[in-house]
Structures are given as structure tokens and as C-alpha cells.
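Subject: Structure for you

Hello,

Here is the structure I promised. Please open it alongside this note; my findings follow.

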Amino acid sequence: MTPVAGVDEAGCGPLAGPVVAAAVILPTKGVPRGIDDSKKLSANERTRLHGRLMHCAIVGIGIVEADEIDRINIYWARMKAMTLAVEALAEFPAHILVDGNRLPRWDRPATAIVSGDTLCLSIAAASIVAKHTRDTIMLAHHEAHPQYGWASNKGYGCPAHFQALREHGPSPLHRQSFAPVRRSGFRDDESFAQHATG
């Protein structure tokens, strides 16, 4: 059977941190039970399934950091993260299924599926890996920047995060091209550098 990879990303909407994509080729037998769209699963369920998938599936991960998101914009960062994820697979897939309605500029067979993370098992698996990986990254960054509350909001906009931006300015992990960060009261100049390192 020719391998098919499911691809999905996490982190297009947050104000801080990377966008992370995962590509997953599921095994022909022994697929873990409970795989679903990552947004429908609890953090504990995602962690459990992530561990199972890393053990039984072929997985590739692509990460594009905030500074590159600012340079190329979030759309192209998403496309790049998905490309990196597929390139990281240990086995070349015969076909790629991508969540959404757009595909990277690939010279390989691929299909975009709207709501693919609810319709396709391999895309749902990729959504779990991408979400768990990104959440783990943001939890680690929280240790260095606890004022933004990333342990709970994972970099997404929420009242406490907006308040922290107003009080402390953006960190080096914030996406300067995103309007709420630009409006936080600090510019990307000497004052930004002082607040970002303070």
C-alpha cells in the first residue's frame, strides 16, 4: 500500500511563538484509538495520543519562528511549516492530504481538504502532533516570560495577554506584524529592546 501523509498546522492565530506543522503517515495496523481533531480533545488526551503516534507512525515536524512569520507573513509561514514537515518524513509519501483549502507549491500529488482534521484520520493525527508540539514549546517559553501567561493562553490573544502587552511591551517571541502587538504601545526600536529584555 502506498503511503499517504496527513498534514496540519497549529499556531496561525496566536500573537506569539511559532507556527508548527506536522506530517503523519499512519501505520497500516495498530492505529491508536481516539484520534480526532485536536481541538476536540483535552490536553491529556492529546499528550497520550502524541506519545502513541510518535511510537507507531512516521512523523515529520516543521517549525517557523515568529521573526520569520513577520518577514514572510503568516500565510507563507504556514505553507513553509507544512513543507518542512513533509520534508522531515523518513518515508516519501505517495500522496499528501492537507487540512484547509490551500496547498504549498509542491510538485507532488496532494489534496486540500476543508475541515480535513474532522474528516481524515491522518490529518487529525497531524493536528494532534502539531498542537501538542506547539503547546510544549510555549510552556517552555513561559518559564522565561511568565508575565504573558503562555502556560494557559499558549500565546493566543486574551484579556490577560493584552494587558501584559500594554504593561511590558512585546517579547522577542511576539509577532511584530500582528496588529495587537503593534498597538501595544512599544515600537520595534530601542524602547522595544529595553522592554523585550527587561
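Predicted model: local features only at pLDDT ≥ 70, side-chain atom pairs only at ≥ 80, totals over all residues.

Which residues touch the most other members of the largest nonpolar core? They are Val7, Met82 and Val86, in a core of 28 residues. (A nonpolar core is a set of buried Ala, Val, Leu, Ile, Met, Phe, Trp, Tyr and Cys residues joined through side-chain atoms within 4.5 Å; buried means under 20% relative accessible area, with a 1.4 Å probe and protein chains only.)

Residues are numbered from 1 along each chain as its sequence is written, and side-chain values use heavy atoms, without hydrogens and water.

The largest share, six residues, comes from α3. (Helices are DSSP runs of H or I, at least four residues, and strands are runs of E, at least two, numbered from the N terminus.) Valine 7 has contacts (heavy atoms within 4.5 Å) that include Met82, Val86 and Ile96, leaving aside residues up to four places away in sequence. A second, separate core has 15 residues, among them Ala22, Leu41, Leu49 and Ala57.

Now aspartate 37. This residue sits in the loop between β2 (19-25) and α1 (43-56). Aspartate 37 counts as buried because its relative accessibility is 5%. Aspartate 37 touches Asp117, Thr118, Ala124 and Ser127, again not counting residues up to four places away in sequence.

Best wishes

Key. Buried < 20%, exposed > 50% of the residue type's maximum accessible area, 1.4 Å probe, protein only.
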